[in-house]
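I opened this notebook to record what I looked up in the structure, moving from the overall fold to single residues.

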Amino acid sequence: MSINEIQDEIIAEFSELDDWMDRYQILIDMGSEQTPLPAQDKNESNLIDGCQSRVWLVCEERNGLLHFRAESDALIVKGIVSLLIKVLSGHSAQEILDADLYFIKEIGLAEHLSPTRSNGLLAMLKQMRMYAMAYKAKATTD
């Protein structure tokens, strides 16, 4: 499934709910469904700078596709990062770099987050794109 198809699914799921408390509940549910990171992955090098909550993000490349795993100590933030993982994980570095993540605006996520959570969202996205740039650069030098 393409990044845009996944985004369209998310938009459809969120548009069924008018109340932002219900949308927050979807995020919390998504976060609680995420497999916890092993203790060895919760280290300083996997910690995302710019998030008020603690968020650890791990990226692994398998068969030319990037796979993300993450965890946070805050429920909604854990849901936000799991949403980003749902959209970006399992795609090539180039697809991730080229992606226009319109679902964030379409579902109203950015406007319904506190400024610190919005900054955290941008920091998580920036880190995922940094991983994609690093893997792309590595692939061109191999």
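**Fold.** I began with the secondary structure and counted 6 helices and 2 strands in the protein. The model I worked from is predicted. Read from the N terminus, the order of elements is α-α-β-β-α-α-α-α.

**Overall dimensions.** I then looked up the extent of the C-alpha trace, which spans about 50 × 30 × 25 Å along the principal axes. I compared the radius of gyration with the globule rule: for 142 residues a compact globule would have a value near 14 Å, and the 15 Å of the protein agrees with this.

Of the 142 residues, 47% are buried. Among contacts with a separation of 6 or more, 64% join residues 24 or more positions apart.

**Helix α3.** I turned next to α3, which covers residues 75-88 and has 14 residues. From first to last C-alpha, α3 reaches 20 Å, close to the 20 Å expected at 1.5 Å a residue. I asked how many residues of α3 are buried. The count is 12 of the 14, so the helix is largely enclosed by the rest of the structure. I listed the buried residues as Ile76, Val77, Lys78, Gly79, Ile80, Val81, Ser82, Leu83, Leu84, Ile85, Val87 and Leu88. The list includes Lys78 and Ser82. After α3 comes Gly90, and I recorded its phi as positive, near 90°.

**Ile48.** I located Ile48 in the loop between α2 (20-33) and β1 (55-62). Is Ile48 buried or exposed? Its relative accessibility is 6%; the cut-off for burial is under 20%, and Ile48 therefore counts as buried. I then looked for its contacts, leaving aside neighbours within four places in sequence, and found Val55, Leu57, Ala123, Met124 and Gln127. I also looked up the separation of Ile48 from Met128: the two are 80 residues apart in sequence, and their C-alpha atoms are 10.0 Å apart in space.

Methods: Residues are numbered from 1 along each chain as its sequence is written. This is a predicted model: local features need pLDDT of at least 70, side-chain atom pairs count only at pLDDT 80 or more; totals for chains, interfaces and linings use all residues. Side-chain values use heavy atoms; hydrogens and water are left out. Helices (H or I, at least four residues) and strands (E, at least two) are DSSP runs, numbered from the N terminus. The expected span of a helix is 1.5 Å times one less than its number of residues. Buried means under 20% relative accessible area, exposed over 50%, partly exposed in between (1.4 Å probe, protein chains only). Contact means heavy atoms within 4.5 Å. The radius of gyration is taken over C-alpha atoms; the globule rule is 2.2 Å times the number of residues to the power 0.38.
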